[in-house]
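Colleague: Could you walk me through reading a protein model, one feature at a time? I'm new to this.

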Amino acid sequence: MFQHLAPCTDEYARRLPPRTRPLIRFRQEDFGWLAAFPDGTIALYDDAVEPLLRAGESPERCSGHLVERLSLETDFHFRAPAMAWLEITRTCNLRCPHCFVEGGRARSSELSTERILRLLDEWAEAGVFSLIVTGGEPTVHPDFLTIVRHAHDLGFVIGIATNGIPLTERLVSRLPQDDLIISMSIDGLHGMGKYRNEGEFDYVTRKLAELRDRGFNTSVMTTTTHENTRDLATIAGWARDNDVSLRSVPFIPMGRGALHQDIASTLHDVERTAQFWIEEEAWCREKDRTLGLCAGKVLDFLYTMVFASRRCMSGRGVCYVNSAGDVFPCSTCAGNKVLCGGNVQTSPFADVWDNPDWLVRKITWDNFRATCEGCPINDDKYFCTGRCPSQSSILNGTFDGCGTSEFQRRSILRREELFRMRIMTEPRVELRRPGTHGDAS
């Protein structure tokens, strides 16, 4: 069971979104406490908040104990990931050209179910909040249900990343619904022949609508490429019209994608991609109000920590464990096969996470200072994702170069214009005094 878990007060529980367990998850950190509330609020608190958390009080009742200021060492990291990706197998029924893990065949030495379940126990004891079950195609794992149900019993909020084809009636009928979201991909790259004479869009949207009608929280995942630029507005419109969450990531040429760099977005795609992103952002902010704690909200919290702490949260607040047991800072590092911290087949996870020599934790935005000098998006009003050691290694062969392509740079500028016009807010970690951010020292 999750190390620190408290049932909410009746008053707080009555106003939670549906399909949300009334549980507060929290754990001790060097600065005090990190807490994730069932309404999706995640925040940093001083030590005096502990009695309120254990009593199941709401974020409003705990707000007087929000951390006022963070002073961070270079190697700052949470005592455990807030989110963990677990690739339970690389086996997949598809061979998508953009797949970063090269899904298809199982790895030569994949984690046993026994080790997977024990790893989940370790994460629960450490206080990991959110678990993403992925592959390959995770639903083809013979013990998929056992793994998901064990994770649910331990108290995780769970995301399942699937292409949906092997998601049978038997599997669906035995999945828990509270604190679980099923995400399916619409990329236009999966191959229509796999969908029983249905196009990818028609198949996936039909399946997602069926799952939604059965009571599941559902989400569309989209990798934006040059190939699907003209389809993005349709995807965004469908998600909003059908009350389904939407998340996207840009194509990065890694894994099998390194062999298909021609599908990368070009400068001609900037406007359509930026318009899609702003629609996604606006819909997420609206849809999130109907969801409780979920993987997307944990990820949003980690993004604000990146902005506030001036360092990537990969290997600091998130990790990716592949099916061979290798522990990477994030999915991008896993796809690019860089900055591995160790392997859970030979070490307990805590030993890997606590390794003081993990290179990723020696890299902060300061390492990119010379690289970013003179760049038009080297400004606090932009949230540049280019200070990424893994993306830099793909583009430059080093960990401290610019990880942003010209397409991404132009997209950030255009997105910022649209963001200011449409949404008019800035990313911020919730601290007691508005306007203060953690200081790196």
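Colleague: Let's start with a pair of strands. Which residue in E8 stands opposite Ser130?

Modeller: First, a caution: this is a predicted model, where local features need pLDDT of at least 70 and side-chain atom pairs count only at pLDDT 80 or more, while totals for chains, interfaces and linings use all residues. Residues are numbered from 1 along each chain as its sequence is written, and side-chain values use heavy atoms, leaving out hydrogens and water. Helices (H or I, at least four residues) and strands (E, at least two) are DSSP runs numbered from the N terminus, and two strands pair if DSSP finds at least two bridges between them. Now your case: Ser130 faces Val157 in E8. Further along, Val133 is set opposite Ile160 in E8.

Colleague: In which sense do E7 and E8 pair, and over how many bridges?

Modeller: Strand E7 (residues 130-134) and strand E8 (residues 157-162) are parallel, with four bridges between them.

Colleague: And in what order do the strands of their sheet run?

Modeller: Read across it: E11-E10-E9-E8-E7-E6-E12-E13-E14, nine strands in an open sheet with mixed pairing. To find the edges, look for strands that pair on one side only, and here those are strand E11 (245-250) and strand E14 (342-343).

Colleague: Which strands does helix H7 touch?

Modeller: Contact means heavy atoms within 4.5 Å. For angles, axes are lines fitted to C-alpha atoms, for helices over the stretch in contact, and the angle between N-to-C directions runs from 0 to 180 degrees. Helix H7 (residues 200-213) packs on the sheet against strand E9 (180-185) and strand E10 (217-224), and its direction makes about 170 degrees with that of E9. Helix H9 (residues 270-287) also packs there, touching E10 and E11, at about 145 degrees to the direction of E11.

Colleague: Back to E8. How many of its residues are buried?

Modeller: Buried means under 20% relative accessible area, exposed over 50%, and partly exposed in between (1.4 Å probe, protein chains only). In E8, six of the six residues are buried, so the strand is largely enclosed by the rest of the structure. Check each face: Val157, Gly159 and Ala161 are buried on one side, and Ile158, Ile160 and Thr162 on the other.

Colleague: What about a loop residue: is Ile88 buried or exposed?

Modeller: Ile88 lies in the loop between E6 and H4, yet it is buried, at 1% relative accessible area. Its contacts, leaving aside neighbours within four places in sequence, include Val133, Phe144 and Ser323. Ser323 is 235 residues away from Ile88 in sequence, but their C-alpha atoms are 5.1 Å apart.

Colleague: How far does helix H4 reach?

Modeller: The expected span of a helix is 1.5 Å times one less than its number of residues. Helix H4 (residues 113-126) has 14 residues and reaches 20 Å from first C-alpha to last, close to the 20 Å expected. Its buried residues, including Leu120 and Trp123, pack against strand E6 (83-87), E7, helix H5 (144-154), strand E12 (318-321) and helix H12 (349-353). Just past the helix, Gly127 has a positive phi of about 95 degrees.

Colleague: Which residues touch the most other members of the largest nonpolar core?

Modeller: A nonpolar core is a set of buried Ala, Val, Leu, Ile, Met, Phe, Trp, Tyr and Cys residues joined through side-chain atoms within 4.5 Å. The largest has 69 residues, and the ones touching the most other members are Leu86, Leu120, Trp123, Phe144, Phe156 and Val321. There is also a second, separate core of 25 residues, with Phe76, Phe129, Leu302 and Val318 among them.
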